[in-house]
Amino acid sequence: MTSPADAAQYTAALAARYHEVRTLSLALAEPLSAEDQCVQSMPDASPTKWHLAHTTWFFETLVLRASLPGYRPFSEAFAYLFNSYYESLGARQARPERGLLTRPPLSVVLQYRAQVDEAMDALLATSIPVELAATIELGIQHEQQHQELILTDVKHLFSRNVLLPAHSAASLRPRTAPVALAWIEFEGGRCEVGHAGAGFAFDNECPRHAVLLPPFCLANRPTTCGEYLAFIADDGYRRPEFWLSDAWATVQAQGWRAPLYWREIDAEWHIFTLHGERMLDPDEPVCHLSFYEAAAFANWAGARLPTEFEWEAAIGSAACDGHFIEAGRLHPEAAHPGNGLLQCFGDVWAWTRSSYDPYPGFRPFSGSAGEYNGKFMVGQLVLRGGSCATPAGHIRASYRNFFPPAARWQFSGLRLAREC
């Protein structure tokens with residue numbers, strides 16, 4: 001059994017992590033005006049103010065209401081305004097209409113966060129059961145997911161503004177020599193995938209199970225902007241032979257001719273970033289690709305996308321040492337020379353060829369948290385590895401991100417695979 005001293009130490013560490021994550025969310029919002037934080041640029045994105053309130057609603061609804069005696073909700077109306085998709089917890093503001101919430105104002109949302117943080121301090125000062133600690137950890141991880149969404153949603157919003165404003169100043173490292181594409185072979189065979197060992201994992205990462213993989217090769221680094229430019233120059237967006245049927249229909253309907261946020265000015269390509277628009281760097285990983293574009297590029301390159309199991313088996317126990325949100329760069333950085341697989345984590349999410357399906361024996365979280373992942377397991381593709389907007393303490397080899405195949409506003413790119 002856990003000793004009282006060990007339990008107190010664990011609760012203190014949980015409280016410290018809670019405040020660290022909550023503080024980072026406010027830091028990401030700090031450069032934004034109240035007007036910036038209210039607007040919604042498309043149905044798939046949400047206003048920053050809504051993200052700040054929704055992550056607070058999670059702790060109030062799933063933790064404080066049930067577990068802190070005498071807790072009084074900040075506003076009963078918030079149960080409707082800031083629920084995301086939890087059917088078991090009642091009706092909610094329609095997702096495409098979150099940008100209509102000019103009220104409550106940002107100042108009240110910040111008061112809401114402050115009240116919930118104070119109540120969480122009171123709760124975390126007590127002895128809490130294991131099940132409650134697990135829900136609090138889920139809430140922390142949930143807020144980290146929304147930190148990435150704050151940045152991707154603001155980027156999309158600012159890209160629609162003719163002024164092309166910046167979220168923050170750039171913090172880029174000096175350029176290094178380009179890393180040539182190389183292929184790394186893997187034996188395949190019987191491999192274990194899924195979460196293993198101690199530490200947090202989402203329900204969709206479990207249970208750990210065996211898969212059988214034939215030999216395969218992975219590119220040593222993600223595909224670069226320069227390589228993708230060659231695809232564009234070869235009329236890649238005008239040649240249907242590279243595209244899946246739904247993909248080609250989407251390209252035609254949406255008029256895609258380059259990745260999201262790319263713009264050709266006087267025969268030179270520029271890219272919009274969270275630091276404003278700048279010239280395209282051909283050596284940095286290409287990002288803001290849909291699955292459709294990633295798969296079409298792979299076909300053009302005579303390769304394919306890896307399965308999520310190939311990706312996880314190849315990565316193995318590699319350290320999560322890429323460029324994450326804490327670096328402040330907020331844009332993928334060119335690979336630095338090294339051996340083996342480079343940029344496995346951070347910088348840019350890697351699309352895989354795997355549908356977002358349940359693992360054999362999958363069991364969702366209990367209670368309302370069971371709606372967190374499982375009900376989205378249809379019509380989505382898996383991405384792996386994290387991005388420059390992912391918190392460093394949030395990612396791991398078994399982490400499964402997922403989006404529909406046409407989504408482009410995330411920091412999504414690709415790493416090529418092929419048979420050996």
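**Aromatic rings and a helix pair**

A: Ring pairs join Tyr 228, Phe 231, Tyr 237, Phe 242, Trp 243, Trp 248, Trp 262, Trp 269, Phe 297 and Trp 300 into a cluster. Bear in mind that this is a predicted model.

Q: How many aromatic pairs does the structure hold?
A: There are 35 aromatic pairs. One of them is Tyr 18 with Phe 59, an edge-to-face pair at 4.9 Å centre to centre with 80 degrees between the planes.

Q: Where do Tyr 18 and Phe 59 sit in the chain?
A: Tyr 18 is in helix H1 (residues 4-29) and Phe 59 in helix H2 (residues 48-67), 41 residues apart, so the pair links distant parts of the chain.

Q: Is Tyr 18 buried or exposed?
A: Tyr 18 counts as buried because its relative accessibility is 0%. Phe 59 is buried too, at 1% relative accessible area.

Q: Which charged residue lies over Trp 50?
A: Arg 98, at 3.6 Å from the ring centre. Arg 408 likewise has its charged end over the ring of Trp 256, 4.1 Å from the centre.

Q: New topic. At what angle do H4 and H5 pack?
A: About 150 degrees, with the axes 13 Å apart. The crossing is left-handed.

Q: Which residues make that contact?
A: H4 contributes Arg 113, Met 120, Leu 123 and Leu 124, and H5 contributes Leu 132, Ile 136 and Glu 143. By class, that is 5 nonpolar, no polar and 2 charged residues.

Conventions
Residues are numbered from 1 along each chain as its sequence is written. This is a predicted model: local features need pLDDT of at least 70, side-chain atom pairs count only at pLDDT 80 or more; totals for chains, interfaces and linings use all residues. Side-chain values use heavy atoms; hydrogens and water are left out. Axes are lines fitted to C-alpha atoms, for helices over the stretch in contact, and angles run from 0 to 180 degrees between N-to-C directions. Helices (H or I, at least four residues) and strands (E, at least two) are DSSP runs, numbered from the N terminus. A crossing is left-handed if the near helix is turned anticlockwise from the far one by less than a right angle, and right-handed if clockwise. Contact means heavy atoms within 4.5 Å. Ala, Val, Leu, Ile, Met, Phe, Trp, Tyr, Cys and Pro count as nonpolar, Asp, Glu, Lys and Arg as charged, and the others, Gly among them, as polar. Rings of Phe, Tyr and Trp (its six-membered ring) pair if their centres lie within 6.5 Å; planes under 30 degrees apart count as stacked, over 60 as edge-to-face and the rest as tilted. Buried means under 20% relative accessible area, exposed over 50%, partly exposed in between (1.4 Å probe, protein chains only). A charge sits over a ring if NZ of Lys or CZ of Arg is within 6 Å of the ring centre and within 35 degrees of the ring normal.
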